[in-house]
Amino acid sequence: MSRTPSGPTAGRQSPDLVSDCSNCFGLCCVALPFAASSGFAVDKAAGTPCGNLGGGFRCRIHDRLRDSGYPGCTVYDCFGAGQKVSQLTFEGRDWRRSPADARPMFDAFPVMRQLHELLVYLTEAVDLPQAGPVRAQLRRALADTDRLTRGSADALARLDVTAVRQAVNPLLLRAGELARAEVPGRKADHRGADLAGARLRGARLRGASLRGACLIAADLTGADLSRADLIGADLRDADLSGADLTGALFLTQPQLDAAKGDPATRLPAHLRHPAHW
């Protein structure tokens, strides 16, 4: 990633919003905590390097994380926040050689990650053909959020990122509603619903709102989820085999990485089938 500040490029494949571990100082492997569970083999405190972090800030078991008891690592994506903090906020100073920067860097990273996630959603919303009535507002929110990512480490530490998310959310909600409105007929509303383990095989959920829904281990095989709003939906271990997710709104790669599926699962063009499907 270039150290020269520049705004996010248009389109969902903006390089600024794609993780580039080669330009990051292993921040996700150090700054974030995790607990021994089905996702992680051991406990790790925030600010403590993972025992698998090697020289050059690379994971020593990256090619066998699932087999080594770290599937939680395989479903994490910083959306480019790691290289932004490493190369822009701290101008290429790494925490090993500059210990005084370690704590500020680790504190800035999770804030930056939330801002970058918002940038991903806003970039997608701006590009929606149906978002015309709110496109100007979305563009302002995109520019404002991008500007926040270019502040100092102190500014990031002081930022009320929850308030930022709350201010942006109504715009994303409206953009999703406008896109789903083109789907004919009545659309299911499962916003925030607890659908963990639900039997939804072959369900007709085209244009549905599944914002923030809990779909852990739900059976969605063969379901029609095209044009459904999936922002914040928890798809861990959900079975998407043969499901149609074309045109799904605000679906991210980490959501897919946490789910199950097969080659017959239809995805938006900007997303890929996870290797473990």
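I'll start with Arg227, which counts as partly exposed because its relative accessibility is 22%. For that scale, buried is under 20% relative accessible area, exposed is over 50%, and partly exposed lies in between, with a 1.4 Å probe and protein chains only.

Some ground rules. The model is predicted, so to speak with care: local features need pLDDT of at least 70, side-chain atom pairs count only at pLDDT 80 or more, and totals for chains, interfaces and linings use all residues. Residues are numbered from 1 along each chain as its sequence is written, and side-chain values use heavy atoms, with hydrogens and water left out.

Back to Arg227, in the loop between α6 and α7. Helices here are DSSP runs of H or I with at least four residues, strands are runs of E with at least two, and numbering goes from the N terminus. The phi of Arg227 is positive, near 60 degrees, and the residue is not a glycine. Most residues other than glycine have a negative phi. Asp237 lies in the loop between α6 and α7 and also has a positive phi, about 60 degrees, without being a glycine. With 45% relative accessibility, Asp237 is partly exposed.

Ile216 sits in that loop too, between α6 and α7 (253–257), and is partly exposed at 27% relative accessibility. Which residues does Ile216 contact, leaving aside its neighbours within four places in sequence? They are Leu195, Ala196, Gly197, Asp234 and Arg236, where contact means heavy atoms within 4.5 Å. Arg236 is 20 residues from Ile216 along the chain, and their C-alpha atoms are separated by 4.9 Å.

α6 covers residues 161–180, 20 residues, and spans 28 Å from first C-alpha to last, close to the 28 Å expected at 1.5 Å a residue. That expected span is 1.5 Å times one less than the number of residues. α6 bends by about 30 degrees at Val168, with Pro170 following within four residues; the bend is the angle between axes fitted to the seven residues ending at a position and the seven starting there. Its buried residues include Val161, Val164, Val168, Leu171 and Arg180. Among the elements covering them are α3 (102–127) and α4 (135–149).

That brings us to α3. It has 26 residues and reaches 37 Å, close to the expected 38 Å. α3 bends by about 25 degrees at Phe109, and Pro110 follows within four residues.

How do α3 and α4 pack? The angle is about 155 degrees, with axes 9 Å apart. Axes are lines fitted to C-alpha atoms, for helices over the stretch in contact, and angles run from 0 to 180 degrees between N-to-C directions. The pair is therefore roughly antiparallel: angles under 35 degrees count as roughly parallel, over 145 as roughly antiparallel, 65 to 115 as roughly perpendicular, and the rest as oblique. The contact includes Met112, Leu115 and His116 of α3 and Arg135, Leu138 and Arg139 of α4.

Finally, α2, residues 81–89, packs with α3 at about 125 degrees, axes 8 Å apart. Those two are therefore oblique to each other. On the α2 side the contact is made by Ala81, Gly82, Lys84, Val85 and Thr89, and on the α3 side by Met105, Ala108, Phe109, Met112, Arg113 and His116.
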